[in-house]
Amino acid sequence: MTENLLEVKNLVKYFPVRGGVFSRVRNYVKAVDGISFEVKPGETLGLVGESGCGKSTAGRSILRLIEPTSGEICFEGENICDLNNEELRKRRRQMQIIFQDPYASLNPRMTIGSIVGEPLTIHNVAKGQERKDKVEQLLHRVGLRPEHIRRYPHEFSGGQRQRIGLARALALNPKLIIGDEPVSALDVSIQAQVINLLEDLQKDLGIAYVMIAHDLAVVQHVSDRIAVMYLGKIVELAEADELVSSPKHPYTEALLSAVPVPDPTVKTERILLKGDVPSPVNPPSGCRFHTRCPYKEDICEQEDPPMLEMSPGHTVACHLSDKIYGNSGSSGDSAAA
């Protein structure tokens, strides 16, 4: 049995671009283009990057909410890409998701009791009074009151709705929860409450998280390790503290420079990237970041950089990382991000 709860190997998701009279496939949107990482039991992996980099697509592909184009997704050593619908349905009891928009993810025609209790009914876990008691326990666990069971989503604030979504995700005692930007639509004070709740639940239940976000400050706070995505690829992966204190990729460095510092006496220099993110339909040759990179050289335009281990547990896809930042480890050993 593998020590990793989740292993993603060379995950690819392309969306066809159709056109013409017969709607033939003219090209593909390369949303996720060969990413690899692993998640250990009880660990939190942060997945960060600009909007459109493919992180949400990656999260949904892992759960097969959208079908991957290729690659392997191994959960507890079993490749879920090989499972049929019935087998996948059983596996999904252990893999859940919290959606980004708390206003769109809840059915407005259903009571909170029906929403949270629906997984229990679908998987024949509990019925009748047992189901009602279980739903009340779940609501209490996420900081809501038992009487909320009879109310509808429109009677709750955004933060309360996200707690309801979390209660629904917890209903089947999952081992892995993917948070698809679970706090980005909430006010800052409410974000802190939901993040603290997620951390408390992880300590109590041992849940592993894949936390998808574009806010590096939020991800830094909750993650054990962070993977940085750019245009469908992972460009850097490291322990959270090490990545923040010692980034080895120019894109990560730029993201970190945009994180606000709460101390007004501390002056930071913002790194402004030139140009827009290239189209995922026709990504640049070589390193995909070279069109915006202030350090680029000829090799960056010609060769796609492999993920190399700069120091133990710190892998980077950059031809010039050693030259720019120095090397604290062996850069000659290839590693899966």
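Start by selecting helix α9 and everything it touches: the buried residues of α9 pack against α7 (216-222), β9, β10 (233-239), α8 (240-245) and α11 (321-325). Buried here is under 20% relative accessible area, exposed is over 50%, and partly exposed lies in between, with a 1.4 Å probe and protein chains only. Packing and touching rest on contact, meaning heavy atoms within 4.5 Å. The element names come from DSSP runs numbered from the N terminus: helices are H or I with at least four residues, strands are E with at least two.

Some ground rules before moving on. This is a predicted model, where local features need pLDDT of at least 70 and side-chain atom pairs count only at pLDDT 80 or more, while totals for chains, interfaces and linings use all residues. Residues are numbered from 1 along each chain as its sequence is written, and side-chain values use heavy atoms, leaving out hydrogens and water.

**Stop 1: α9 itself**

Show residues 250-257. Seven of the eight residues of α9 are buried, so this helix is largely enclosed by the rest of the structure. To colour them, pick Pro250, Tyr251, Thr252, Ala254, Leu255, Leu256 and Ser257.

**Stop 2: zoom out**

Now show the whole protein chain, with its 11 helices and 12 strands. Its radius of gyration, taken over C-alpha atoms, is 21 Å, close to the 20 Å that the globule rule (2.2 Å times the number of residues to the power 0.38) gives for 337 residues, so the chain is as compact as a globular protein of that length. The C-alpha trace spans about 70 × 60 × 45 Å along its principal axes. Of the 337 residues, 47% count as buried. Among contacts with a separation of 6 or more, 63% come from residues 24 or more positions apart.

**Stop 3: the eight-stranded sheet**

Select the strands in the order β6-β7-β8-β3-β9-β10-β12-β11; these eight form an open sheet with mixed pairing. Two strands count as paired if DSSP finds at least two bridges between them. At the edges sit β6 (95-98) and β11 (308-311), each pairing on one side only. From one strand to the next, the twist averages 20°. For this and the other angles, axes are lines fitted to C-alpha atoms (for helices, over the stretch in contact), and values run from 0 to 180 degrees between N-to-C directions.

**Stop 4**

Pick residues 176-180. Strand β7 is mostly covered, with five of its five residues buried. Leu176, Ile178 and Asp180 lie on one side, Ile177 and Gly179 on the other. β6 joins β7 through four bridges, running parallel, and Gln96 has Ile177 as its bridge partner in β7. With β8, strand β7 pairs in the parallel sense over five bridges; Leu176 is partnered there by Ala208.

Next, the loops. Most residues other than glycine have a negative phi. Asn173, in the loop between α5 and β7, has a positive phi of about 55° although it is not a glycine. Glu181, in the loop between β7 and α6, also has a positive phi, about 50°. Which of the two is buried, and which is exposed? Asn173 is exposed, at a relative accessible area of 55%, whereas Glu181 counts as buried at 6%.

**Stop 5: α3 against α5**

Select α3 (residues 112-122) and α5 (residues 158-170). Their axes come within 7 Å and cross at roughly 30°. That makes α3 roughly parallel to α5 (under 35 degrees; over 145 would be roughly antiparallel, 65 to 115 roughly perpendicular, and the rest oblique). Show side chains for Ile112, Ile115, Val116 and Pro119 of α3, plus Ile164, Ala167 and Arg168 of α5, which make the contact.

**Stop 6: the four-stranded sheet**

Finish with β2-β1-β4-β5, an open sheet of four strands in that order with antiparallel pairing. β2 (24-39) and β5 (78-79) are the edge strands. Strand β1 (residues 6-19) pairs with β2 over 12 bridges, and Phe15 has Val29 of β2 as its bridge partner. Helix α1 (residues 55-62) packs on this sheet, touching β1, β2 and β4 (70-75), with its direction about 115° from that of β1.
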